[in-house]
Amino acid sequence: MEILKGRRFLPERSSVSLLLLVMFSVYGTLESLEMNTGKVPFLEAVNGSDVLLPCIYASCIGIEKLYVKWEFNDNGTMVKVMDSVVPTDHAEPVNKHIYRDRVSFMGASKTNNVSIMIWNVTFEDAGQYTCFGKNPKEMGKNHSAIFTLYVVDELRVVDNTLTMIIVSCVGGGIALLVIFMLIKNLTLFVLAKVEEKNKECLVSSGIDNTENGLSGSKVTPKPTPKKA
């Protein structure tokens, strides 16, 4: 009986362990910090312009002494650009340090924004930038998002020739269809008027023939006078 009881107990214990594992996994997923550099994580900028590198963080369980930093991938070597600490939710970042020229912190605590601005970009500024975050509430987990910056002499002009040809063809086809429908309706209108006029002429001609006693009309013959 003890062996049977043990066999019955093991599956129950395994089920409890599996349930706890699932619960911890779900909790870990919910509490995860997220670093987001936008729906389009890249930008093409003209040499000499000012560029904003966006990054926003979010956490379901809140933050406590969130460590944030930006790094630049310099041919495989990660070079620190900026770092800071956000004490709590909606608190202003403290201990901000800028490690690169022409870089400014542009974040805002109310929107969980930790973006940076690069002023007067050069070709050397082109490359991958990583927005990194570490929330102590998550037992030291690291989270990051990558933003790629391209620097060019001038923005490329998009060739819309094919698009304009397609639009012109479609517009011309629609215009021809409208003209065809107008001509068709006008023709039907004219034919209807002509047919209506012909009917009126036939009716009018029949009335005149009856009144004048022409062939095809019924005329009452006058009686012949009797001889005395």
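Which residue in S11 is the bridge partner of Cys-131? In S11, that partner is Ala-145, and the report below places this pair within the strands of the chain.

## Basis of the model

This is a predicted model, in which local features need pLDDT of at least 70 and side-chain atom pairs count only at pLDDT 80 or more, while totals for chains, interfaces and linings use all residues. Residues are numbered from 1 along each chain as its sequence is written, and side-chain values use heavy atoms, with hydrogens and water left out.

## Confidence

The chain has a mean pLDDT (the predictor's confidence in each residue, from 0 to 100) of 79, with 70% of its residues reaching 70 or more. Over residues 1-11 the pLDDT is below 50, and this stretch has 0 contacts (heavy atoms within 4.5 Å) beyond near neighbours in sequence. Residues 15-30 likewise stay under 50 in pLDDT, and for them the model has 3 contacts beyond four places in sequence. Where pLDDT is low, the predicted coordinates should not be read in detail.

## Overall composition

The chain holds 2 helices and 11 strands, these being DSSP runs numbered from the N terminus, with helices as H or I of at least four residues and strands as E of at least two. Along the sequence the pattern reads α-β-β-β-β-β-β-β-β-β-β-β-α.

Of the 228 residues in the chain, 23% are buried, that is, under 20% relative accessible area with a 1.4 Å probe and protein chains only. The accessible surface (Shrake-Rupley method, 1.4 Å probe) comes to about 17000 Å², and 63% of this belongs to carbon and sulfur atoms. Among contacts between residues at least 6 apart in sequence, 55% join residues at least 24 apart.

## The open sheet

An open sheet is formed by 3 strands in the order S3-S9-S8, with antiparallel pairing; two strands pair if DSSP finds at least two bridges between them. Strand S3 (51-53) and strand S8 (103-105) stand at the edges with a single partner strand each, so one side of each is left without a neighbour in the sheet. Neighbouring strands of this sheet are turned by 25° against each other on average, direction ignored, with axes as lines fitted to C-alpha atoms.

S3 pairs with strand S9 (residues 116-118) in the antiparallel sense over 3 bridges, and Leu-52 has Met-117 in S9 as its bridge partner.

## Pairings of S11

Strand S10 (residues 127-134) runs antiparallel to S11 and is joined to it by 8 bridges, and Cys-131 has its bridge partner, Ala-145, in S11. Strand S2 (residues 42-46), by contrast, pairs with strand S11 (residues 142-152) in the parallel sense over 5 bridges, and the bridge partner of Leu-43 in S11 is Leu-149.

Conventions. Buried < 20%, exposed > 50% of the residue type's maximum accessible area, 1.4 Å probe, protein only. Axes fitted to C-alpha atoms, helices over the stretch in contact; angles between N-to-C directions.
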